[in-house]
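Please read them with the coordinates open.

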Amino acid sequence: MSELLTDIEAIRAQFPILTREVNGKPLVYLDNGATSQKPQSVIDAVKHYYEYENSNIHRGVHTLSQEATAAYEDVRKKVQKFINAKHDHEIIFTSGTTGGINLVASSFGASLVRRGDEILITAMEHHSNIVPWQMLCERRGAQLKVLPISKEGEIDIEEYKKLIGPKTELISLVHVSNSLGTINPIKEMIAIAHAQNIPVMIDGAQAIHHTPVDVQELDADFYVFSAHKMYGPTGVGVLYGKEELLNDMPPYQGGGDMIKSVTFEKTTYNELPHKFEAGTPNIAGGIGLGAGIDFINSIGFDFIQAHEAELSRFAVSQLRDIKGLRFIGTAKERAGLVSFVLDGIHPYDTGVILDKLGIAVRTGHHCTQPVMNFFEVPGTVRASFAVYNTKQEVVKLVEGIDRVKRMF
Ligand code: 7TS
């Protein structure tokens, strides 16, 4: 392997957007939980596809189509390696995390869940890991059970065990919470569920770029994530599923590519992974995802984890002293973000003022309204870190918060 890139200035230099100004100030981008910025290599990969290879995949004998197909399918193998899946056909390309969860809910969930059954999630899920299950429960007369969280934003394993019962058919858990930063003990939670033969789906949207994921070691039945939070393009993501489960699942959407043969009397379906990939996919996005993985690999998770943990620690240590600031999410195991409220100041106002200073943070409920209800806040201010962020940027955030406080 070539030498890993661990110099922050050299890493930053790969991101063209980081040189721009916002409102006359150098951009301080701390909204990586929503989407990360893209390195030149990802932008170039997408551009290269459109400039040199653009064509549809899996269906052309001509050179462009074969090149594009090879480039796209190489990414499937790259993803397989990245998450250590057993087979490349266990990697299903989707439109993103939301797309993957809806696929599993509509296909696997709908063929499994019957009236009176239960689906278990946690109280810290993103809406995209709540609503598809609610919709399924409504259709099936099933019940959505919710594992509560503590005031630190942690789940309790004993409570979890208690909530799993004979009617539990499926469990879907967030790996890392996007509004609290909590890292859930998913390996242990999966093992507990498997002891009772219950399949587990993991929402890895906020984990995949912070921590190495080994789906075989976790023994996850399904694991989903989005490319755009891991330095890749929007509109593409991955559903990993165990081969035997995917094979038994009915197709999700019908159309081109997912069929073996079609007559008006009967259609037979294609093999994995194509069975779940109807229609022309986001080819450029898939190729960009591959470049995103290459970027992460060029740095390595040892550095990424250490750097982001250091930034979080530093941010907590600096923000802690601000009077009237309350952290939302203080779990022992946390990743890559700080979420907080300021006494008497609406998060929205804080966000607007920080933007005037060139600082991009997320404010609001972060698509986790139940979490906000639990903490009885209208929303939070969230600063979420990526590998290119610096301590100087955290200092600017702290100075910005001081300024906000002085203005109110
Ligand atoms: N699950 C989690 C834990 C997330 O953080 C997000 C996006 C999703 C699912 C949905 O991902 P998508 O790519 O399908 O949209 N989270 C955020 C966020 O925190 N701010 O903007 C999007």
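1. In which loop does Pro 273 lie? Pro 273 is found between β12 (267-269) and α10 (283-299). The model is predicted, and in it the peptide bond from Leu 272 to Pro 273 is cis, with omega near -5 degrees.

2. Asn 84 is not a glycine, yet has a positive phi of about 55 degrees. Asn 84 sits in the loop that runs between α3 (63-82) and β4. Its relative accessibility is 33%, so Asn 84 counts as partly exposed.

3. Glu 376, also not a glycine, has a positive phi of about 55 degrees. The loop that holds Glu 376 lies between α13 (369-375) and β17 (380-384). Is Glu 376 buried or exposed? Glu 376 counts as exposed because its relative accessibility is 72%, and the cut-off for that class is over 50%.

4. On the ligand: the number of residues that surround it is 16, and the closest are Thr 98, Asp 203, Gln 206, Ser 226 and Arg 382. By class, the shell around the ligand holds three nonpolar, nine polar and four charged residues. Domain 1 (8-39 + 300-407) and domain 2 (44-297) each supply at least three residues to this shell.

5. An N or O atom in the side chain of His 228 is 2.7 Å from an oxygen atom of the ligand. For the side chain of Arg 382, an N or O atom is likewise 2.7 Å from a ligand oxygen. On its own the ligand has 490 Å² of accessible area, and the protein covers 87% of that.

6. Which strands are joined to β10 by bridges? Strand β4 (residues 91-94) runs antiparallel to β10 and is joined to it by four bridges; one of the pairs is Ile 92 with Leu 239. Strand β9 (residues 222-226) is also antiparallel to β10, with five bridges, and Phe 222 has Gly 241 as its bridge partner.

7. Strand β10 (residues 237-241) is mostly covered, with five of its five residues buried. In a regular strand, side chains alternate between the two faces of the sheet. One side of β10 carries Gly 237, Leu 239 and Gly 241, the other Val 238 and Tyr 240, and both faces are covered.

Technical notes. Residues are numbered from 1 along each chain as its sequence is written. This is a predicted model: local features need pLDDT of at least 70, side-chain atom pairs count only at pLDDT 80 or more; totals for chains, interfaces and linings use all residues. Side-chain values use heavy atoms; hydrogens and water are left out. A residue is near a molecule or strand if one of its heavy atoms lies within 4 Å of it. A polar contact is a pair of N or O atoms within 3.5 Å; within protein, one must be able to donate a hydrogen and the other to accept it, and residues adjacent in sequence count only if both atoms are side-chain atoms. Accessible areas come from the Shrake-Rupley method with a 1.4 Å probe; for residues, only the protein chains shown count as cover. Ala, Val, Leu, Ile, Met, Phe, Trp, Tyr, Cys and Pro count as nonpolar, Asp, Glu, Lys and Arg as charged, and the others, Gly among them, as polar. Domain bounds come from an automatic or database domain assignment. Buried means under 20% relative accessible area, exposed over 50%, partly exposed in between (1.4 Å probe, protein chains only). Helices (H or I, at least four residues) and strands (E, at least two) are DSSP runs, numbered from the N terminus. Two strands pair if DSSP finds at least two bridges between them.
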